Amino acid sequence: LSGEVPLVLEFFAANPGVLVYNVLCPVMSTCGQLFIFFTIKEFGPVVFTIIMTTRKLFSICISAMVFGHAIDARACVGGGL
């Protein structure tokens with residue numbers, strides 16, 4: 001053991017709000033994995049791939065609009081394929 005557990009506990013004691021994020025992160029990660037397993041089981045890997053690709057495309061477009069990123073013509077053609 002590295003002996004870092006007391007340091008972590010001291011940090012949690014000094015910053016109690018952090019504990020919520022340390023619990024929520026693995027819970028949300030688990031929910032995401034369950035969604036992935038359910039989607040693949042019910043609809044197959046091809047549908048899951050389409051869902052994730054579409055999600056990523058929307059994420060890029062929203063990020064570009066919100067943060068003012070430029071998307072050049074080559075990127076638009078790549079996204080359209």
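**View 1. Salt bridge between D72 and R74.** In this predicted model, the side chains of D72 and R74 meet at 3.7 Å, N to O. A salt bridge is a side-chain nitrogen of Lys or Arg within 4 Å of a carboxyl oxygen of Asp or Glu. The structure holds one such bridge. R74 is exposed because its relative accessible area is 71%, and D72, at 40%, is partly exposed. Buried means under 20% relative accessible area, exposed over 50%, and partly exposed in between (1.4 Å probe, protein chains only).

**View 2. The aromatic pair F11 and F12.** One aromatic pair is present in the structure. The ring centres of F11 and F12 lie 6.5 Å apart and the planes stand at 50 degrees, so the pair is tilted. Rings of Phe, Tyr and Trp (its six-membered ring) pair if their centres lie within 6.5 Å; planes under 30 degrees apart count as stacked, over 60 as edge-to-face and the rest as tilted. F11 is partly exposed at 45% relative accessibility, and F12 is partly exposed at 22%.

**View 3. A nonpolar surface patch that includes Y21.** L19, V20, Y21, V23, L24, V27 and M28 make a patch of about 680 Å². Patches are made of residues with over 30% relative accessible area and no salt bridge; like charges are joined within 9 Å, and nonpolar side chains (Val, Leu, Ile, Met, Phe, Trp, Tyr) within 5 Å. Accessible areas come from the Shrake-Rupley method with a 1.4 Å probe, and for residues only the protein chains shown count as cover. Y21 is exposed, with 62% relative accessibility, and belongs to helix 2 (residues 17–43). Helices (H or I, at least four residues) are DSSP runs, numbered from the N terminus.

**Notes.** Residues are numbered from 1 along each chain as its sequence is written, and side-chain values use heavy atoms, leaving out hydrogens and water. Local features need pLDDT of at least 70, side-chain atom pairs count only at pLDDT 80 or more, and totals for chains, interfaces and linings use all residues.

Conventions:
Helix = DSSP H or I, 4+ residues; strand = E, 2+ residues; numbered from the N terminus.
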